Each structure stands twice: as C-alpha cells, then as structure tokens.
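Hi,

Here is the model I said I'd pass on, with some notes on its charged pairs below. Have a look at it first, then read on.

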Amino acid sequence: MKAQQFPDFLVNAPDEQARIVYKKGGVFFDIGGTIYRPALYNCNFNWNDSPNFQEKIRNYAQADMNLLGMGIRAEEFWTGPNEYDYERLDNLLAQAFALAPTARFLFGLGYWNGLKWWNELHPEELIEYAREDTEFPATDNIGAYAAPSYASELWLKETAESVRILIEHIEKSPYRKHIFAYRIDAGVYCEWHYYGMAGSMPDISGPMVKLFRTCLREKYNDDVAQLQKAWRQPEVTFDNALPPPKDVRLQYLDGTLRDPVEHAWSIDFLQCMQRSLKNALRLMDKPAKEACNGRALVGNYCGYFFGMGYTAEGWHIVNDDFITSPYVDFQVSPCCYSSFFRKISSTMLARSLAASYRLHNKLCIFEADGRTCLAPEDGNKHSYTIQESIAMLSRDLAQAISKGCAYWNYDFGRDWYNAPEILQFFHNIAPVFDAVKDFSSSAEIAVIADWESAYYHAVQAPYGGPGTYMSINYLAHELKLAGLQFDAYSFADIDNPALQKYKIYIFPQLFYMTPAKLAKLNSLKKAGRTFLFINAAGWLTPDGTSLDSILKTTGIRAEVLHQKSSVTTTLADGSVMDYFEHPTEIGWKHSPVVKVTDSEATLLGTVALEDGTNVPVYAKKENDDGTISYLNGAPVMTNQELRKIAKAAGVHIYCDSNKGVVYANNSMISFHTGTPGEYTLRAKTAVKWTMVYPEKRTYPTVQSELTFTAPEQNTYIFMIEE
C-alpha cells in the first residue's frame with residue numbers, strides 16, 4: 001500500500017508507547033501519554049462478517065469508549081511455506097481505521113484453527129492421542145483435533161517466524177500508531193488449552209516423545225538409575241522412555257488424586273506437557289514483543305483457574321512463569337460457564353486469579369461474553385429478555401470495577417447487542433468508571449490457588465462433579481452469595497507483603513506440599529488469622545502420602561479413608577451443607593475421605609460413607625500460635641457456613657441476602673439480583689451513598705447501612721464516600 005493511501009491523521013501522528021498503569025488502585029491503559037479506561041469492545045476476528053458492526057462501533061465511540069479489538073486468522077495471511085498474503089490484512093486495517101479514526105486497537109493473531117496446508121506437509125509433527133475420542137466432532141478442537149504438537153520444534157520455529165513477519169508488516173505502516181496491543185491465540189478455542197484435553201489424552205507424538213526424554217534427563221540429572229527407581233521400571237532409559245499409556249494415566253488414588261510416588265510416570269509426563277505449553281507461548285510472545293520494539297502490549301488468553309475442568313491436561317499450570325515473563329503484559333479470561341455461574345442472580349465468576357496481576361504490574365482482562373436475549377440458543381445462553389440482558393451486562397461491569405481490572409464486551413462478532421436498550425447501556429459504562437474514586441480492594445479474604453497441585457488432580461468432568469471442581473468453584477460461588485469479597489492469588493505470591501493484610505486465607509485444593517511450600521504457608525500463620533482448608537490439604541508430598549503433612553499444613557490431625565462418601569457435610573445442628581442442585585439427590589460421591597481425629601479440635605460436621613457410617617470431616621481448632629484452622633474434608637461449603645466463619649474472624653459482610661451477589665471495593669458497593677425486592681447493604685463505616693446505576697440518586701444521610709428497593713432484576717451500583 002502506497003504512503004499516500006494512508007489516512008492523513010495516521011501519517012502525521014506520532015508513535016505511541018503503550019503501558020499498563022495502576023491509578024487509584026485500578027488498572028488503566030497509558031497509550032502515548034493519554035490514559036484510557038480499561039474497557040473495550042472486542043469484535044475480534046469477525047469484523048467484516050459481524051451484523052451491524054458499524055452501528056455497534058459507532059455507539060461505543062459515541063459513548064467515549066475508544067478501545068476496540070479486532071484481528072485476523074492465520075490462514076488468511078499465511079498461505080504456504082514462506083508465503084504471505086497481506087491483502088486481506090491491509091483491507092481490514094483500512095476499513096477499521098476509516099470507521100473508527102479515533103480508536104485504539106488490540107489486534108489478535110489467530111492460530112487456533114490450524115493450517116491445513118501445514119498439517120498436510122508435516123503429518124509427523126501433529127498431535128497423536130492416547131485414547132480414541134468419539135464424543136466431539138473432528139472440527140471441535142477440544143477433542144481429537146488435527147493440529148501441530150506444542151512440542152514440535154518445526155511448528156514453533158515457523159509459527160514464531162510468521163508472528164514476527166506479520167507484526168513487522170503492520171509496524172512498518174502508519175497503522176501501528178493506533179495499535180496498542182497484540183494478542184497471540186492458539187490451542188482449544190484460541191485459549192492455549194492443549195488440543196484434545198477433553199478426554200482424548202494428548203500428546204504421544206514423536207515431537208512430544210523427544211521433548212519428554214529431554215525433560216527426563218534434566219529432572220533426573222541424566223542419571224538413569226534415578227529414573228528407573230522413580231518409575232519402578234528397571235528397563236527404562238532416557239532413550240526408550242515413552243509417554244504413559246491411557247490405562248496408566250487413568251490410575252488414581254480412589255479415583256480423585258495421583259500419588260507423587262505411585263504415579264510418577266504420569267506426573268512426569270504431565271509436567272512435560274506443561275513445559276511444551278510454556279515453550280510455545282514464550283516462542284510466540286517473544287517475537288511479537290521484539291517486532292514492535294516493545295512499543296505495544298503483548299498477551300494471550302491464559303491463566304484460567306476458576307471454572308475449569310480437565311485439570312492437568314488442559315490447565316495453564318505454568319502460569320506463574322507467564323505473568324512474570326518480560327514478553328507477557330496481559331492475559332484474558334472469560335467467566336465460568338454453566339447456568340450455575342451465568343444465570344441472572346448468580347456470580348458470573350471471572351476465571352483468572354485477578355489479584356495476582358497487580359503484584360507483577362501486569363494486566364488482567366475479564367471477557368464479558370454473556371449471551372443476550374438476541375443470541376440464539378447455544379447452551380450458554382441464560383438471559384431471555386432485554387431486562388435480563390441489561391442485568392447481565394451491568395453485572396459484568398460491576399465485577400470488573402470491583403476487581404480493579406480491565407474488561408471487554410465480546411459478542412463473537414454476532415448480533416447480540418443491536419437493541420436500543422443494549423446500545424444505550426454502553427453509554428453508561430464510562431460514567432460509572434469515572435465515578436470510582438478508589439478501585440483498590442476491600443476484601444479481607446484471600447483465596448489461594450495452587451497451580452502445582454493440579455498435576456495431582458484426577459481427570460474431571462468438564463463442568464461439575466465431585467472433587468476438585470466443586471472445591472474450587474462452588475466455594476467461590478458461595479463466597480459471593482454470602483455477601484463477602486475475596487481476592488484470588490497464586491500460591492507463589494503468598495510471601496509477598498501485600499498478602500499480609502487478610503483475616504481469612506482459604507486453600508481450596510492445596511493437595512501437594514513440600515518443605516519449601518510449607519515454609520511459605522507458615523509465613524502467613526500469625527495470631528488472629530483464620531485458615532480454611534478444603535479436601536485432603538497437604539496429604540501428597542514428594543515422598544508419597546503423609547498424614548503428618550496434613551497436620552503440618554492444616555494444624556489438625558486426620559486420617560484418610562480409602563472409601564467414598566457423600567459430597568456434602570451434615571452439621572452438628574442437623575442442617576446439611578448442600579448446594580442448590582442438591583448433589584445428595586443425584587448420587588455424587590467423594591473420595592478419599594479425610595477423617596478428623598484431632599482430640600483438640602471442635603468437630604463441626606460429618607459425612608456419610610457408602611455403608612451409612614457417619615465420619616467426622618469438618619472441624620475447627622484454635623492453635624497454639626493464635627491462629628484458627630478449619631478443615632473440611634468434603635468439597636462443599638455453603639454461603640451460610642462461610643458467613644459464620646467470616647463473622648467469627650471479624651470479616652465484613654456486605655449483605656445477608658442469598659438472593660443476589662455483592663461486588664465491592666473501597667469506593668463501590670454493587671448488588672446484582674434476579675429477584676425484585678427490598679435489600680440492605682452494609683458499608684464498613686458510616687458513609688455517604690450515591691446510586692450511579694441504573695439511575696442517579698443521592699442519599700442525604702451518612703450511614704453504614706442502606707436499605708433500597710430493587711424494582712426489577714438488575715445490577716445496582718452505589719458509590720460510597722466517607
């Protein structure tokens with residue numbers, strides 16, 4: 001494209017450096033010295049095909065929302081070996097900048113569909129699967145999909161080069177001046193999960209075997225005797241080692257956890273798979289960062305913890321390496337799927353460990369992709385009227401503000417937003433953001449995620465079921481329904497001074513414990529603090545299972561029964577800690593059973609074994625160091641019980657109603673509900689209350705509690721000021 005064909009406003013514009021900045025406790029974009037709100041509309045890869053997309057973009061711009069997402073699929077520009085076609089890319093950029101000349105763009109490069117021509121040229125580089133999978137069609141890459149192995153050195157080299165070439169092409173044009181970020185996509189649904197993670201058991205290909213043997217040499221110090229001892233295979237060597245077959249990968253302790261000693265073969269391989277992910281992302285992000293000379297931000301969909309099934313074969317377990325990488329500036333995650341989270345009056349929980357990002361000056365972007373009433377039924381649609389759609393969209397806004405993170409509205413390039421009421425909602429976003437004087441967290445509870453323990457999780461059903469999924473996700477769901485706020489961190493962060501401020505620390509899946517991890521955990525154990533451990537916390541160690549490790553981790557003595565029990569706990573008063581779908585009625589069972597045996601602990605609840613025996617699994621203990629420990633060996637904690645623990649620990653409870661969800665920070669309290677009625681919200685001190693959404697209303701009295709009427713299902717946002 002000739003220089004005179006570029007718009008004058010770009011030709012004459014200066015280059016802009018993009019940075020992430022934290023102001024007022026919240027994240028913002030600094031683009032060329034101008035501060036932008038952390039809110040985007042992401043049209044993404046369907047820009048030209050999206051119905052009425054011009055109207056949506058113009059409305060966003062008219063609402064003073066000037067950050068947009070777009071992108072191109074790899075097959076649209078990388079057409080063969082060393083062959084690139086820039087026509088579609090150049091036309092796309094020209095149209096985008098003509099339509100939105102004042103906008104700044106986040107540009108995506110999509111590699112998740114794979115390249116047919118590349119696959120045909122290099123069949124030996126493709127993923128091979130350990131198990132036949134007929135559950136998903138061949139076009140669904142969550143199943144046995146034809147795609148290059150993450151371990152393929154050839155794919156990594158050539159794809160990284162294509163990333164560099166495409167971004168260099170953009171950076172040589174004036175279009176670069178309004179592109180502030182690049183996002184590199186691959187893996188399942190462009191989210192960097194391993195292809196075939198949903199039961200197909202990737203990856204036993206030649207490239208993965210080669211990487212596996214390299215990993216083994218490093219782990220076992222090139223000492224074959226160490227390898228043979230660990231695997232209990234006297235014939236194995238670094239030259240003949242293979243990925244474990246499917247029957248070995250399906251071996252667990254009681255169907256729930258892998259033993260670090262008994263299942264070392266599987267664990268070594270899963271760690272190798274995660275290394276292949278780490279290598280792939282680094283080799284994609286590095287050339288992107290270098291091609292723009294560090295001018296633009298670079299990131300990916302990644303970092304999912306909440307709402308995830310498939311554990312070690314699909315999670316981003318090495319995410320601590322990503323958010324400390326010099327080549328990664330941001331990560332994007334959608335919210336949890338299923339009606340349990342997405343229905344009106346539920347939590348719409350973001351998947352990321354949002355609080356971790358600010359510790360590393362990185363950016364967390366929450367993808368608000370809820371289906372409005374205009375979307376066709378697809379299994380993920382949970383709003384069926386305009387009012388429900390507005391309630392959902394405003395809930396997303398409140399969650400992003402409460403977490404001090406960025407977010408984007410995403411309709412997958414479809415016609416989900418083209419109703420006057422929804423387009424008008426976009427005009428409400430900027431005023432609400434601008435009304436926030438302090439985005440910093442007001443949470444007094446920290447939920448600590450342990451990525452490392454995920455190597456030891458059994459394969460889970462996609463979205464539900466007993467065990468790890470329930471421990472993580474039902475806990476987070478119930479915390480929000482309890483009127484409580486929490487910050488979510490990685491275990492790697494717990495020795496950061498920022499984590500010293502909390503009153504309660506919750507560990508939903510801290511199965512695997514080492515001396516180094518125990519020392520970090522003990523750094524939090526100070527008088528007056530409360531610790532809640534779910535499931536068999538600390539039971540797994542490098543030397544195998546250990547009851548002593550449970551005691552050192554939780555402070556409570558327990559034994560482990562290799563039996564199955566109910567997933568819910570019966571409390572001393574006869575009530576049952578059950579969640580709303582009542583798993584006790586559908587036959588879900590939990591194993592192994594952690595039986596509390598500590599005579600100094602106060603027993604709080606029991607579970608029923610399959611033979612009907614009641615076993616104590618839930619207890620509280622006041623420790624000699626002044627801390628208080630709770631251990632629940634069953635995976636379900638209800639909002640009522642969490643409120644009890646919070647009240648005893650002096651944690652602020654924003655609302656006592658179970659009919660909605662509170663999102664709050666130091667200057668906002670928001671309440672989302674699907675049930676019209678009267679509700680009372682509670683601030684930490686006497687404050688001045690101002691409703692900023694869905695209407696503007698000032699309350700004249702300075703007060704710690706506000707009772708208001710919700711005339712319809714919606715999200716009600718109040719600013720508070722002392």
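Asp656 is partly exposed, with a relative accessible area of 46% (buried is under 20%, exposed over 50%, partly exposed in between, using a 1.4 Å probe and protein chains only). Its partner in a salt bridge is Arg682, at 2.8 Å from N to O (a salt bridge here is a side-chain nitrogen of Lys or Arg within 4 Å of a carboxyl oxygen of Asp or Glu). Arg682 sits in strand β31 (residues 677-693) and Asp656 in the loop between α20 and β29 (660-664), so the pair ties together parts 26 residues apart in sequence. Helices (H or I, at least four residues) and strands (E, at least two) are DSSP runs, numbered from the N terminus. Arg682 is partly exposed too, at 22%.

One caution: this is a predicted model, so local features need pLDDT of at least 70 and side-chain atom pairs count only at pLDDT 80 or more, while totals for chains, interfaces and linings use all residues. Residues are numbered from 1 along each chain as its sequence is written, and side-chain values use heavy atoms, with hydrogens and water left out.

Next, Lys219 and Asp268 form a salt bridge at 2.5 Å, N to O. Lys219 belongs to helix α6 (residues 206-219) and Asp268 to helix α9 (residues 264-291), so this pair links parts 49 residues apart in sequence. Asp268 is buried at 4%, whereas Lys219 is partly exposed at 41%.

There's also a salt-bridge network joining Arg342, Asp369, Arg371 and Asp378. In total, the structure holds 36 salt bridges.

Cheers
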